[in-house]
Amino acid sequence: MHPRTRLRVGVLASGRGSNLQALIDAGQKADFPAEVVLVLSDKKNSYALERASMVGIRSIHLSPKEDDFYRKLGDEIENFETDLICCAGFIRILPPEFVSRFSGRIINIHPSLLPSFPGLHAQKKALDAGVTVTGCTVHFVDEGVDTGPIILQAAVPVLPYDDEETLSERILVYEHRIYPLAVRLIAEGSVHCVDGVVLYSGNVHQGSSGFISPVTE
């Protein structure tokens with residue numbers, strides 16, 4: 001990464017972009033050490049692109065049907081001098097060549113306490129399993145599906161009346177809290193990923209499974 005006053009963040013999004021909005025809102029605060037400078041989507045009508053354009057952030061649609069889609073995606077990221085890539089509802093598995101190109105610079109947020117319930121429909125999986133606590137996880141992206149080193153987690157109780165929709169919405173509240181926090185820690189140099197291991201420095205709690213932020217209702 002090159003020296004900057006603020007970390008330059010690029011966001012990959014496919015849907016409504018609520019986590020993108022949380023990152024945009026954080027970046028508009030004077031004391032936040034990062035800013036979203038680029039939003040890329042594989043969906044032409046993604047509301048994430050509209051969120052970006054409304055506040056003057058460069059927004060680009062790339063069709064996954066194009067040849068060399070991931071190479072072009074990476075070229076846009078590099079051309080815009082992006083330091084960190086945040087996946088925010090990007091419903092695609094990044095190929096090994098893309099992950100390798102930006103090794104240690106891609107993070108994702110997932111609506112479960114990984115390694116439990118990776119992949120799609122994590123909230124439904126939690127309900128079907130009958131767990132009493134689930135949550136969300138920010139992790140570095142590796143070549144697997146939601147298998148990368150964990151940065152932050154927030155625990156969310158599963159309540160007796162929960163269905164997939166209500167549980168998803170309550171988890172989302174905490175996604176919006178811990179995603180900007182993870183970006184802050186990376187921007188401040190408090191979190192690094194070295195050889196597939198998350199290293200913490202400063203006042204960040206260090207644990208064998210990453211920093212756990214339990215939440216009570």
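Ala154 is buried in the predicted model, with a relative accessible area of 1%; buried denotes under 20% relative accessible area, exposed over 50%, and partly exposed the range in between, with a 1.4 Å probe and protein chains only. Ala154 is placed in strand β7 (residues 150–157); helices (H or I, at least four residues) and strands (E, at least two) are DSSP runs numbered from the N terminus. The C-alpha atoms of Ala154 and Glu175 are 7.9 Å apart in space, and the two residues are 21 residues apart in sequence. Residues are numbered from 1 along each chain as its sequence is written, and side-chain values use heavy atoms, with hydrogens and water left out. This is a predicted model, in which local features need pLDDT of at least 70 and side-chain atom pairs count only at pLDDT 80 or more, while totals for chains, interfaces and linings use all residues.

The C-alpha atom of Ala88 is separated by 6.6 Å from that of Val11, although the two residues are 77 residues apart along the chain. When residues up to four places away in sequence are not counted, Ala88 touches Val11, Leu12, Ala13, Ser14, Asn19, Leu20 and Tyr179, a contact being heavy atoms within 4.5 Å.

Helix α1 (residues 18–27) is largely enclosed by the rest of the structure, because eight of its 10 residues are buried.

The α5 and α6 crossing is right-handed; a crossing is left-handed if the near helix is turned anticlockwise from the far one by less than a right angle, and right-handed if clockwise. On the α5 side Gln123, Lys124 and Leu127 take part, and they meet Glu164, Leu167, Ser168 and Ile171 of α6. The residues of this contact comprise three nonpolar, two polar and two charged, where Ala, Val, Leu, Ile, Met, Phe, Trp, Tyr, Cys and Pro count as nonpolar, Asp, Glu, Lys and Arg as charged, and the others, Gly among them, as polar.

Three aromatic pairs are present in the structure. Rings of Phe, Tyr and Trp (its six-membered ring) pair if their centres lie within 6.5 Å, and planes under 30 degrees apart count as stacked, over 60 as edge-to-face and the rest as tilted. The pair of Phe69 and Tyr70 is edge-to-face, because the ring centres are 4.8 Å apart and the planes are at 70°. Tyr70 also forms an edge-to-face pair with Phe98, at 6.2 Å centre to centre and 65° between the planes. Tyr70 lies in helix α3 (residues 69–79) and Phe98 in helix α4 (residues 96–101), so this pair ties together parts that are 28 residues apart in sequence. Phe69 is buried at 6% relative accessibility, and Phe98 is buried at 2%. Ring pairs link Phe69, Tyr70, Phe98 and Phe102 into a cluster.

Backbone geometry was examined next. Most residues other than glycine have a negative phi, and most peptide bonds are trans. The bond joining Leu114 and Pro115 is a cis peptide bond, with omega about 15°, and Pro115 is found in the loop between β5 and α5. Phe117 is found in the loop between β5 and α5 and has a positive phi near 60°; Phe117 is buried at 18% relative accessibility. Glu81, in the loop between α3 and β4, has a positive phi of about 50° without being a glycine. At 43% relative accessibility, Glu81 is partly exposed.

With a disulfide taken as a pair of cysteine sulfur atoms within 2.5 Å, the count is zero disulfides. Cys86 is in no disulfide, and its nearest cysteine sulfur, that of Cys87, is 7.8 Å away. Cys193 is likewise in no disulfide, the nearest cysteine sulfur being that of Cys87 at 14 Å. Cys86 is buried at 0% relative accessibility, whereas Cys193 is partly exposed at 26%.
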